[in-house]
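Below is a short briefing on a protein model.

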Amino acid sequence: GIIANLFFHISFLSQIKKSSNAPVLYGGSVTHENVSGYISQGGFDGVLVGKGSLDPINFLKLIEYAGKV
């Protein structure tokens with residue numbers, strides 16, 4: 001399911017981060033509705049927002065919610 005997939009990706013990103021000094025970003029359909037969950041899982045340095053940035057109001061919400069984590 002979606003949660004198992006998320007944990008797989010976060011685990012994979014964590015392994016990359018441990019073996020490299022490069023910043024690691026998660027970019028899998030990040031929206032204002034799920035950004036807090038992604039960030040709270042850790043294992044990466046930030047998120048790469050695609051479609052979630054097209055609506056200015058929702059993008060501002062995304063930034064606000066990300067800042068609260």
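Contact means heavy atoms within 4.5 Å. By that criterion, and leaving aside neighbours within four places in sequence, Ile 10 is in contact with Gln 41, Gly 42 and Phe 44. The model is predicted: local features need pLDDT of at least 70, side-chain atom pairs count only at pLDDT 80 or more, and totals for chains, interfaces and linings use all residues. Residues are numbered from 1 along each chain as its sequence is written, and side-chain values use heavy atoms, with hydrogens and water left out.

**Confidence**
- The average pLDDT (the predictor's confidence in each residue, from 0 to 100) is 84, and 93% of the residues score at least 70.
- Helix H1 (residues 2–18) has the lowest confidence, with a mean of 73, and H3 the highest, at 94.
- Helices (H or I, at least four residues) and strands (E, at least two) are DSSP runs, numbered from the N terminus.

**Core**
- A nonpolar core is a set of buried (under 20% relative accessible area, 1.4 Å probe, protein chains only) Ala, Val, Leu, Ile, Met, Phe, Trp, Tyr and Cys residues joined through side-chain atoms within 4.5 Å.
- The largest has nine residues, among them Ile 10, Tyr 26, Tyr 38, Phe 44 and Leu 62.
- H1 and helix H2 (35–41) are the elements that give two or more residues to this core.

**Aromatic rings**
- The whole structure holds one aromatic pair (ring centres within 6.5 Å; planes under 30 degrees apart are stacked, over 60 edge-to-face, the rest tilted).
- Tyr 26 and Tyr 38 form this tilted pair, 4.6 Å centre to centre with 45° between the planes.
- Tyr 26 is buried at 10% relative accessible area, and Tyr 38 is buried at 11%.

Definitions and conventions: Buried < 20%, exposed > 50% of the residue type's maximum accessible area, 1.4 Å probe, protein only. Phe/Tyr/Trp six-rings, centres within 6.5 Å; stacked < 30°, edge-to-face > 60°.
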